[in-house]
Amino acid sequence: MDKEEVTLRKPVVCHHCGHKEFFKSDTRVQSFQDIVNGKVVWQQIRRQRYRCKQCQLKVWDTVENMDTYRRKTVRLLAYLNGEKQ
Ligand SMILES: [Zn+2]
């Protein structure tokens, strides 16, 4: 439990047109919070954006084990929820 568990996945299918092939587009570094050995720490992850080959829609990669809206890992959220009880 000392390594962050966040995994990036390439989009499988375009939500707009259903096409399954993408070009790589720009990247952006995103900060998020994780819990490592009982301490809340900030981590950084490089997100990759893709562009649909058919309709040109831009779509970010999918991040597993992270709540991208709150920018916290799933295990940190579980920890925070447990603390409140
Ligand atoms: Zn598309």
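This passage walks through a predicted model of one protein chain, from its overall shape to individual residues.

The confidence of the prediction comes first. Across the protein chain the pLDDT averages 91, and 93% of the residues score at least 70. Among the elements, β7 has the highest mean pLDDT, at 96, whereas helix α1, covering residues 74-84, has the lowest, at 90.

The secondary structure of the protein chain consists of 7 strands and 1 helix. Read from the N terminus, the order of the elements is β-β-β-β-β-β-β-α. The chain is more spread out than a compact globule, because its radius of gyration is 15 Å, well over the 12 Å that the globule rule gives for 85 residues. Along its principal axes, the C-alpha trace extends over about 50 × 25 × 20 Å. Of the 85 residues in the protein chain, 11% are buried. Turning to contacts with a separation of 6 or more, 65% of them link residues 24 or more positions apart in the protein chain.

Strand β2 spans residues 22-36 and strand β3 spans residues 39-52; the two pair in the antiparallel sense over 13 bridges. Two of the positions along this pairing can be picked out on the structure: R28 stands opposite R47 in β3, and Q30 stands opposite I45 in β3. In a regular strand, side chains alternate between the two faces of the sheet.

R28 and Q44 are 16 residues apart in sequence, and their C-alpha atoms are 10 Å apart in space.

The hairpin of β2 and β3 has 2 residues between the strands, and in this hairpin N37 takes a positive phi near 50°. N37 has this positive phi although it is not a glycine. N37 sits in the loop between β2 and β3, and with 7 C-beta neighbours inside 10 Å it counts as exposed.

From β3 the description moves on to β4. Strands β3 and β4 run antiparallel and are joined by 3 bridges. Within this pairing, Y50 stands opposite V59 in β4. The hairpin of β3 and β4 has 5 residues between the strands, and here Q56 takes a positive phi near 70°.

D61 is placed in the loop between β4 (58-60) and β5 (62-64). With 19 other C-beta atoms within 10 Å, D61 is partly exposed; a residue counts as buried at 20 or more. Leaving aside residues up to four places away in sequence, D61 touches L8, R9, K10, P11, R47, Q48 and Y50. For Q48, the C-alpha atom is separated from that of D61 by 5.7 Å, with the two residues 13 apart along the chain.

N65 lies in the loop between β5 and β6 (66-67). Its phi is near 70°, a positive value in a residue other than glycine. N65 is partly exposed, with 13 other C-beta atoms within 10 Å. Y69 is found in the loop between β6 and β7 (72-73). Y69 is exposed, with 6 other C-beta atoms within 10 Å. In sequence Y69 and H15 are 54 residues apart, and in space their C-alpha atoms are 19 Å apart.

Conventions. Residues numbered from 1 in each chain as written. Predicted model: local features only at pLDDT ≥ 70, side-chain atom pairs only at ≥ 80, totals over all residues. Helix = DSSP H or I, 4+ residues; strand = E, 2+ residues; numbered from the N terminus. Rg over C-alpha atoms; globule rule 2.2 N^0.38 Å. Buried ≥ 20, exposed ≤ 12 C-beta atoms within 10 Å, placed from the backbone. Contact = placed C-beta atoms within 7 Å. Pairing = 2+ DSSP bridges. pLDDT = per-residue confidence, 0-100.
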